Amino acid sequence: MLLALFATLLAAQPARPFAEERVLLDRRLETLRRILPDGPTASADVLLVRDLAEAARLARVEVQPRPPVESGARGEVVYDLTALGGYEEIDRFFQRVAVSHRLVDVESLTLTATSENVIQLAAVLRFPYWPARAPLPPPPESAKGRPAGVPRPTLDAFLRDQSLAFAKSDAIAARRRARRSPRLFLSELAAVVRERPVVLGYASLAEEFTVRGLAVGEGPVRAFERRLERGFLRVSEFLMAKQGACHRFEARGKSPFAGPDAELPVPVDDPFEQDPVPCRVDRDTARGIVIKGRAPTAKDPGRGPLTLRLRDVDFADVFQALAVLGSGGFVVHQSVAGRTSLEVTRATLDETLAAIRKASGAEISGAGPVRVVSTARLATRNDAPAGGAPASFALKRVEVRDLLAGMADLDPGLAALGPPGFLGRVSVWTRDAPLFAVRSAVLDAAGLTERTEEERRVVERPAGAGEAPIPVARAGPEPRMALRREELTVLEFQLAGVASAGESFVAFAYAPTGQLYAYRPGERLADGVVRAIESTDVVLETDEGPLRIPLPPLPD
């Protein structure tokens, strides 16, 4: 009953005048023309792409149109786009393309890292249009019949425009369903690289995708592969090869596409941000040093807590082992280098340092919370300044400028002016040492002095008179390709020594990058667990059972 009444009311409504129908149809056609223009509009399309690129802050934008291609009711102009920008800017550009009033299909995308830390973008964009000779469907039939008083030519034009509006609406709906956008691909690339020592150098997306890059360590590259396979990307092939401390990889496969309304996370990190020297192995290659402490006897087994059995470690890493055992902090000058083997049993810290001095000729400053180690003669140090928050550092051959800038980040009162240029490198190993004492030791090791001028700290070289001071700030970004100790695999575990401060032993192993890591029983590797540490070996628990790694003998 209600349906019949509703139909009767509709039938009783007066017909809209023809002039009003014509105005509404013209408005509809104008809207459709903005989305799907009549004929190719290369100049307007190029201008639109440039506007979208500039709004996204891309640089060096070049847009080259190809000749139009028509087939039946389909017409397209293909544009080759090249530009430079950051990952965030590129993602923002394709977000704007996806919500543009103009229909745009992203046929392919290529991203290539450059030495300027920006990305070279190359994309192929398809802009559809309605061909002038495209066939039209029959006009939709009207239940109201032919309008009275309308000349036939006017009515024929109206019916033809109705057919055009119907055909365009159908074509637009079909193209919207089929158009492609790389937003899902860009979002997934940023997600799979996040918080991993992985950088991308190349990525392409068409019907299939290709991703190439570098990863530090076998554990991270395997974890990266698993994350790729468990995400949106469909991996068909994954290849990798060793390159220095890194693994170069290439992944291929298929990727689904996301529509313009998909809620995708915005990339936070740039997966194409390159490290200056990502695959460098930071190990000493100079002379070999063998340090032997006093051999314990039955009558004199030793009076100290320290036992260190280190094999072929970098000289600076000897002091890292001492710091790990709680034997104070050390700042080591870059000149302290050479592969070193150390054998000390039940010795005191003073006995251990004396053996190091005697065998190597290195200078080690006297007692204090932080000692300085150098090959040059050390000046007499004043008492270390008191104060500052407890600070723990584990840095190998870090630039002094970057280190001083990092300390200023911890305590703004330590911001200083200093000479331009390179200030040297030091290794710093401390555990909860006063920050001011650590900074003082760094200045001493680098041969720098500090004075106060108009309530500002000024760092100077001894022979740097006349150098205009500049703010001491970081020389570059922090390294991204840093391998964490739990990411080391069993096969990469290079046992370099064991040590004890009177309690259980600690094992030391090198990562492929040359970083020395300390492990205690129960701590995990990427594919195993450190089960036991003795004075002669380490036992790792693996998927295939326990693996015993013996400590190499002391070189002659």
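This is a predicted model: local features need pLDDT of at least 70, side-chain atom pairs count only at pLDDT 80 or more; totals for chains, interfaces and linings use all residues.
Me: Why is the pair Cys246 and Cys279 called a disulfide?
Reply: A disulfide requires cysteine sulfur atoms within 2.5 Å. The sulfur atoms of Cys246 and Cys279 are 2.3 Å apart, so the pair meets that definition. The structure holds one disulfide.

Me: Which parts of the chain does the pair link?
Reply: Cys246 lies in strand 9 (residues 246-254), while Cys279 lies in the loop between strand 9 and strand 10 (288-292). These distant parts of the chain place the two cysteines 33 residues apart. Both Cys246 and Cys279 are buried.

Me: What makes the disulfide of Cys246 and Cys279 left-handed or right-handed?
Reply: The torsion about the S-S bond is about -110°, and the disulfide is therefore left-handed.

Me: How do you know that the span of helix 3 agrees with its 14 residues?
Reply: At 1.5 Å a residue, helix 3 (residues 42-55) should span 20 Å. Its end C-alpha atoms are 20 Å apart, so the two values agree.

Me: Which residues of helix 3 are buried, and why are they said to line one face?
Reply: Asp45, Val46, Leu48, Val49, Leu52 and Ala53 are the buried residues of helix 3. Seen down the helix axis, they fall within an arc of 160°, and therefore line one face. On the other side, Ser43, Leu47 and Glu54 are exposed.

Me: What do the buried residues of helix 3 pack against?
Reply: They pack against strand 1 (59-65), strand 3 (74-85), helix 4 (87-98) and strand 5 (119-129).

Technical notes: Residues are numbered from 1 along each chain as its sequence is written. Side-chain values use heavy atoms; hydrogens and water are left out. Helices (H or I, at least four residues) and strands (E, at least two) are DSSP runs, numbered from the N terminus. The expected span of a helix is 1.5 Å times one less than its number of residues. Buried means under 20% relative accessible area, exposed over 50%, partly exposed in between (1.4 Å probe, protein chains only). The arc is that of the directions from the helix axis to the C-beta atoms. Contact means heavy atoms within 4.5 Å.
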